[in-house]
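Please keep the sequence and the model in view while reading.

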Amino acid sequence: MRVKYIIEENAILEPKDGQAEEGDLVKVKETVMLGEKKLRDAEEREYVLSKDDEREVVKQLFGRKKAML
C-alpha cells in the first residue's frame, strides 16, 4: 500500500518568503493516510530539502511558498 502525505497547513519557510529550494529547512503540519486510516494527524515535522532525498513528502515541498497549501 502507498502512504499518502497531505500537507494540511501552510509550510513555514524561515526566514525567507520565497520558494522552498535545496538546503532549506521547512516546517509543515501533515496528516499521513494509509488508505482511509490516519497514521498521523496534523503532526508538525521539519525537513531539510535535498534533491537526493527520494521521500515523496520532500519532493512535494520543493518550489512551495509559505502561503501555499
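A salt bridge is counted here when a side-chain nitrogen of Lys or Arg lies within 4 Å of a carboxyl oxygen of Asp or Glu. In this predicted model, 8 salt bridges are present.

**Salt-bridge network**
- Arg-40 pairs with Glu-30 in a salt bridge whose closest N and O atoms are 2.7 Å apart; because Arg-40 belongs to strand β4 and Glu-30 to strand β3, the pair ties together parts that are 10 residues apart in sequence.
- Glu-30, which is buried with a relative accessible area of 0%, also meets the side chain of Arg-45 in a salt bridge (3.9 Å, N to O), and this pair links strand β4 with strand β3 across 15 residues.
- The side chain of Arg-40 forms a further salt bridge with that of Glu-43 (3.8 Å, N to O), and Glu-43 is partly exposed at 31% relative accessibility.
- Through shared partners, the salt bridges join Glu-30, Arg-40, Glu-43 and Arg-45 into one network.

**The β3–β4 hairpin**
- Strand β3 (residues 25-34) runs antiparallel to β4, and 9 bridges join the two; Lys-27 stands opposite Glu-46 in β4.
- The hairpin formed by β3 and β4 has 2 residues between the strands, and Gly-35 in the turn has a positive phi of about 65°.

**Asp-53 in the loop**
- Asp-53 is found in the loop between β4 (37-48) and α1 (56-61), where Asp-53 is buried, with a relative accessible area of 17%.
- The side chain of Asp-53 makes a polar contact with the side chain of Arg-55 (2.6 Å), while Asp-53 touches Val-58 and Lys-59 when residues up to four places away in sequence are not counted.

Definitions and conventions: Residues are numbered from 1 along each chain as its sequence is written. This is a predicted model: local features need pLDDT of at least 70, side-chain atom pairs count only at pLDDT 80 or more; totals for chains, interfaces and linings use all residues. Side-chain values use heavy atoms; hydrogens and water are left out. Helices (H or I, at least four residues) and strands (E, at least two) are DSSP runs, numbered from the N terminus. Buried means under 20% relative accessible area, exposed over 50%, partly exposed in between (1.4 Å probe, protein chains only). A polar contact is a pair of N or O atoms within 3.5 Å; within protein, one must be able to donate a hydrogen and the other to accept it, and residues adjacent in sequence count only if both atoms are side-chain atoms. Contact means heavy atoms within 4.5 Å. Two strands pair if DSSP finds at least two bridges between them.
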